[in-house]
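Let us walk through one protein model, step by step. Keep the sequence and the 3D view side by side as you read.

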Amino acid sequence: MISSLLSAAAGHSVDHVPVWFMRQAGRSLPEYRRIRGSGSILDIVHSADLAAEITLQPVRRYGVDAAILYSDIMVPLAAVGFGIEITQGKGPYVKEPFRSESDLARLRKLEPETDMPFVIETVKLVVKELRGSETPLIGFAGGPFTVASYLIEGGSSKDYIKTKTLIRTDPLLFDRLMDRLAVMAVDFLTAQVNAGAAAVQIFDSWAGVLSAAEYERFVLPPVRFIMDNIARLGAPRIYFSLSASHLLGHIATTGCDVMSVDWRMPLSAVKNQLKDTPLSVQGNLDPTYCFAPWEVLRKEVLQILAEGGGIGHIFNLGHGVLPGTDPKVLHRIVELVQSVAPENLVKQV
Ligand code: CP3
């Protein structure tokens, strides 16, 4: 039988709305903290056995309808030697940020087989474990804007001044950087799908900080390039960005199969805007709802399911699981979503 996640991504009917959580691996699970040790995630992913185990932990505990590879959007950058560090509790840190044309030379082509055999091995181990369970593995890559922002800012940012200033000072250099990162994403995603990942998600979390015009000019072409160049792999392509309601029209033309949206716009409005497209939607519970009283949270989950309409909807959070989230709450959400019959959600038109 085909998995509920793959069916929903294709807009086909499902026996329950599929549910998984962005950042389900390695955020709030005590079994993760027990085995992760004190090293950086960039070291942990070198151990395929450990990374596969961490990938599978949330599947076992929550019964989610998809696994997501335990890795990070900065892993390919580290693998080509750009000089990336990730310390626990903080975001990525870039020792020598991207400043000028000469830095392009530090972004050589990714050769997944030799640069990251451990990622390929992890995917194979996970897929072998999941065989027969109908639970697909989602592979992923960072969106080119989001990765570029880390390379240029040198780490996390609040206002993206350096990134936006580069766009406005040397737009052609920014284009060249984005092109390199788009090719890197294609190579990273292709390696994961060839090793057995059944769907992919592009995490372009921070693209929403741009205006619609800047998105169209600088982000849409490289994102389209990624979508076009992985289309032949046949794995559904999910595109995720935060605070992007002003970008929905553009994102709909990237070639993605599923648009993952946050909670700022009701799902019914998103679905309405996409009604002339074959796109499915993913989302969109505000992750802070996981801290609300259960009756309040339950009502919100049911509201989102109703707005999703039961078809072409993958239930998820609008952003990643927050540290401190009680795993029992995530488990209850999964049980609730999977207990609702989709035919009761389909709107009578
Ligand atoms: O979804 C999953 O559970 C799978 C693994 C995954 C990680 N990062 C593991 C991780 C995924 C899909 C990501 C994506 C990612 N990484 C994004 C896009 C999603 C989003 O949240 O917007 C971004 C922006 C990053 C960059 C990044 N990596 C940050 C900001 C941080 C630090 C904050 C944090 O999450 O703790 C990381 C480190 C990181 N990536 C950790 C994990 C499990 C923490 C590692 C640790 O335990 O030390």
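The axes of helix 8 (residues 144-153) and helix 9 (residues 161-169) come within 8 Å, and they cross at roughly 105°. That makes helix 8 roughly perpendicular to helix 9. Angles of 65 to 115 degrees count as roughly perpendicular, those under 35 as roughly parallel, those over 145 as roughly antiparallel, and the rest as oblique. Axes are lines fitted to C-alpha atoms, for helices over the stretch in contact, and the angles run from 0 to 180 degrees between N-to-C directions. Helices (H or I, at least four residues) and strands (E, at least two) are DSSP runs, numbered from the N terminus.

This is a predicted model: local features need pLDDT of at least 70, side-chain atom pairs count only at pLDDT 80 or more, and totals for chains, interfaces and linings use all residues. Residues are numbered from 1 along each chain as its sequence is written, and side-chain values use heavy atoms, with hydrogens and water left out.

**The sheet**

Now turn to the strands. Strands of a sheet pair through backbone hydrogen bonds, either parallel or antiparallel. Here an open sheet of seven strands has the order 1-4-5-6-7-8-9, with parallel pairing. Two strands pair if DSSP finds at least two bridges between them. Which strands stand at the edges? They are strand 1 (67-68) and strand 9 (313-317). Each has a single partner strand, so one side of each is left without a neighbour in the sheet. Helix 11 (residues 212-230) packs on the sheet and touches strand 5 (199-203) and strand 6. The direction of helix 11 makes about 160° with that of strand 6. Contact means heavy atoms within 4.5 Å.

Look next at strand 7 (residues 258-260). Strand 7 pairs with strand 8 in the parallel sense over three bridges. Val258 stands opposite Ser280 in strand 8, and Met259 stands opposite Val281. Is strand 8 buried or exposed? Six of the six residues of strand 8 (residues 280-285) are buried, so this strand is largely enclosed by the rest of the structure. Buried means under 20% relative accessible area, exposed means over 50%, and partly exposed lies in between (1.4 Å probe, protein chains only).

**A buried arginine**

Arg237 is found in strand 6 (residues 237-240). Its relative accessibility is 12%, so Arg237 counts as buried. Leaving aside residues up to four places away in sequence, Arg237 touches Val200, Met227, Ile230, Ala231, Gly255, Cys256, Asp257 and Val258. A polar atom of the Arg237 side chain lies 3.0 Å from the backbone oxygen of Gly255.

Most residues other than glycine have a negative phi, and most peptide bonds are trans. Where is the cis peptide bond? It joins Gly283 and Asn284, with omega about -5°. Asn284 is in strand 8.

Arg23 has a positive phi, near 60°. Arg23 sits in the loop between helix 1 (4-9) and helix 2 (30-36). With 37% relative accessibility, Arg23 counts as partly exposed. Ser243 also has a positive phi, near 45°. Ser243 lies in the loop between strand 6 and helix 12 (248-251). The relative accessible area of Ser243 is 27%, so this residue is partly exposed.

Methods: Polar contact = N/O pair within 3.5 Å; in protein donor to acceptor, adjacent residues only side chain to side chain.
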